[in-house]
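Have the sequence and the 3D view ready, and let's walk through this fold piece by piece.

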Amino acid sequence: MDDLFAPPAYAWQRLSPRYMSLRRVTTLVTAPILFTIPALVVGLAFGLWWLAAIFWGLAALIVVVRWVLIGRTYRSWGYVERDDDLYITSGVLFRSLVAVPYGRMQLVEVASGPLERSFKLATVTLKTASAETDASIPGLDPVEAARLRDRLTELGEAQASGL
């Protein structure tokens, strides 16, 4: 990580390694399915099996490229709890660093869909007074997500009471 988007003075927390596994499984399933359907239609309906092979090759290429990018994307995510705000950094090509002031938080939500639950993961979403500063942290261990929710709620209430 570079210093602008993840200042080294802080102890950055990382996502669960299971997040990479989740993303890789969805990539292994989604891309081949999306490209196999048109490949079969082209092959069976028109007998253009060479074109179907191109679809499958494209699916394989997408899986390989996403496989590499998933690792880089995973390493780009981080968050740190500071005295007055929460820093969240992410992105490979387009890096971002979001600072969410505790006093501006209106809602801290923990969500986990069926696929996330099967990988024992959760997402923490922060809603603020401004829609532009809403943020989320995916791929957290459920225990860490609950701890972070409780901590951020506590800090948000303490900071907001001073207004």
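The buried residues of α1 are covered by, among others, α2 (49-76), α3 and β6 (135-140). Covering here rests on contact, meaning heavy atoms within 4.5 Å. Which residues of α1 are buried? They are Y19, M20, L22, R24, T27, A31, F35, A39, V42 and G43. Buried means under 20% relative accessible area, exposed means over 50%, and partly exposed is in between (1.4 Å probe, protein chains only).

Before going further, a word on what you're looking at. This is a predicted model, where local features need pLDDT of at least 70, side-chain atom pairs count only at pLDDT 80 or more, and totals for chains, interfaces and linings use all residues. Residues are numbered from 1 along each chain as its sequence is written, and side-chain values use heavy atoms, with hydrogens and water left out. The predictor's confidence in each residue is called pLDDT and runs from 0 to 100. For the protein chain the mean pLDDT is 90, and 96% of the residues reach 70 or more. Confidence is highest in helix α3 (residues 114-118), at 97, and lowest in strand β3 (residues 96-101), at a mean of 90.

Back to α1 itself. This helix covers residues 18-46, 29 residues in total, and spans 42 Å from first C-alpha to last, close to the 42 Å expected at 1.5 Å a residue. That expected span is 1.5 Å times one less than the number of residues.

Two strands count as paired if DSSP finds at least two bridges between them. β1 and β2 (residues 85-90) pair over 4 bridges, and they form a hairpin with 3 residues between them. Within this pairing, E81 has L86 as its bridge partner, while V80 stands opposite Y87.

Rings of Phe, Tyr and Trp (its six-membered ring) pair if their centres lie within 6.5 Å; planes under 30 degrees apart are stacked, over 60 edge-to-face, and the rest tilted. How many aromatic pairs does this rule give? The count is 2:

| Pair | Centre to centre | Angle of planes | Type |
|---|---|---|---|
| Y10 and Y87 | 5.9 Å | 80 degrees | edge-to-face |
| W12 and Y87 | 6.3 Å | 25 degrees | stacked |

Y10, W12 and Y87 make up one aromatic cluster. Why does the Y10 and Y87 pair tie together parts that are 77 residues apart in sequence? Because Y10 lies in the segment before α1, whereas Y87 sits in strand β2. W12, also in the segment before α1, is 75 residues from Y87. Y10 is partly exposed at 31% relative accessible area, but W12 is buried at 14%, and Y87 counts as buried at 15%.

Methods:
Helix = DSSP H or I, 4+ residues; strand = E, 2+ residues; numbered from the N terminus.
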